[in-house]
Amino acid sequence: MWQYPNIDPVALDLGFFKIHWYGLMYLLAFLLGWGYGVWRARRREGWNSEKVGDLLFYIAMGVILGGRIGYILFYDLAYYIEHPLSVLQVWHGGMSFHGGLIGVSLAMWLYARKIKLPLFEVADFVAPLIPIGLFTGRIGNFINGELWGKVTDSPLGMAVYDTNLHQVVHKYPTQLLEALLEGVVLFVLLAFYSNKPRPAGSVAGLFLIGYGVFRFIVEFYRVPDVQLGYLAWGWLTMGQVLSLPMIVVGAGLMIWSYRKAGKRVASIN
């Protein structure tokens, strides 16, 4: 089995100022996302590097605000009511993907209105960029030593010191599993699918399905947030509850987009 390397979450300590790996992962995500976005813009009419930069600024605000507010509301509202200053301590983790998705959706809507493009055109452009952030974010979770999976005897387990049990145990490195599925696999899937013209909304729909399915599966190996535990049946987690609507909405969006495209072709013929 593997040994967790116990990485210092602080990348650079200047005494009066600390740079955390978690923050650097977010910075890396936006740099890589910008690079990939510029490459995609060159292959799509109506897009350019300036629009990509503006769009990523909107998305950054959506991710940070939505992700933090979503975590507070969905996972630990009581704690943050008692410790309001902890809301600002994002370097300790505590970001919700589902909250971030809501924030990004709102940001895309605002940006689409600004540049007068259909919302689904913007959403389809953004969708393949998101797995980049998911990958770096999960690596940040791994460096922080958070969001571990269940204790296991599987060869996939990683030896890590459990502060509650006060001993070394073997746990699923679910941060790395999510980085693989929600980051690498989902990126390849969306990049391949969006490489050809697709009906408006279908790329965004595929992203919702892909992430929802992968997250739902990984939740079986993750340990639920201690303040919530399992919500029902001894296995249902908040992450799964929030992922199910994504799968349903994504499937509905893909069906709608292809039907709409089919009707358009029929009317032309």
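**Stop 1**

Select Asn6, which counts as exposed at 56% relative accessibility; buried means under 20% relative accessible area, exposed over 50%, and partly exposed in between, with a 1.4 Å probe and protein chains only. The model is a predicted one, in which local features need pLDDT of at least 70 and side-chain atom pairs count only at pLDDT 80 or more, while totals for chains, interfaces and linings use all residues. Residues are numbered from 1 along each chain as its sequence is written, and side-chain values use heavy atoms, with hydrogens and water left out.

Asn6 lies in the loop between β1 and β2 (10-13). Helices (H or I, at least four residues) and strands (E, at least two) are DSSP runs, numbered from the N terminus. The phi of Asn6 is near 50°, a positive value in a residue other than glycine. Most residues other than glycine have a negative phi.

Select Lys116 next, in the loop between α4 and α5. Lys116 is not a glycine, yet its phi is positive, at about 60°. Is Lys116 buried or exposed? Its relative accessible area is 72%, so Lys116 is exposed.

**Stop 1: the sheet**

Display the open sheet of three strands, whose order is β1-β4-β5 with mixed pairing. Two strands pair if DSSP finds at least two bridges between them. The edge strands, each pairing on one side only, are β1 (2-3) and β5 (167-171).

Start from β1, which runs parallel to β4 (residues 158-162) and is joined to it by two bridges. Gln3 has Ala159 of β4 as its bridge partner. On β4, four of the five residues are buried, and the strand is mostly covered.

Move on to β5, which pairs with β4 in the antiparallel sense over five bridges. Met158 has Lys171 of β5 as its bridge partner, and Tyr161 stands opposite Val168 in β5. Then select His166: the hairpin of β4 and β5 has four residues between the strands, and there His166 takes a positive phi near 60°.

**Stop 2: a helix pair**

Select helix α6 (residues 130-144) and helix α7 (residues 174-193), which pack at an angle of about 170° with their axes 8 Å apart. Axes are lines fitted to C-alpha atoms, for helices over the stretch in contact, and angles run from 0 to 180 degrees between N-to-C directions. The angle makes α6 roughly antiparallel to α7, a label for angles over 145 degrees; those under 35 count as roughly parallel, 65 to 115 as roughly perpendicular and the rest as oblique.

Contact means heavy atoms within 4.5 Å. Among the residues that meet are Leu134, Phe135 and Arg138 in α6, and Leu186, Phe187 and Leu190 in α7. The residues of this contact divide into twelve nonpolar, three polar and three charged. Here Ala, Val, Leu, Ile, Met, Phe, Trp, Tyr, Cys and Pro count as nonpolar, Asp, Glu, Lys and Arg as charged, and the others, Gly among them, as polar.

**Stop 3**

Centre the view on Phe207, which touches Phe97, Leu101, Ala127, Ile130, Leu134, Leu186 and Leu190, not counting residues up to four places away in sequence.

Then select α5, where Val122, Ala123, Asp124, Phe125 and Val126 are buried. The buried residues of α5 pack against α1, α2, α4, α6 and α8.

**Stop 4: an exposed arginine**

End at Arg259, found in helix α9. Arg259 is exposed, with a relative accessible area of 59%. Arg259 and Ile102 are 157 residues apart in sequence and, C-alpha to C-alpha, 26 Å apart in space.
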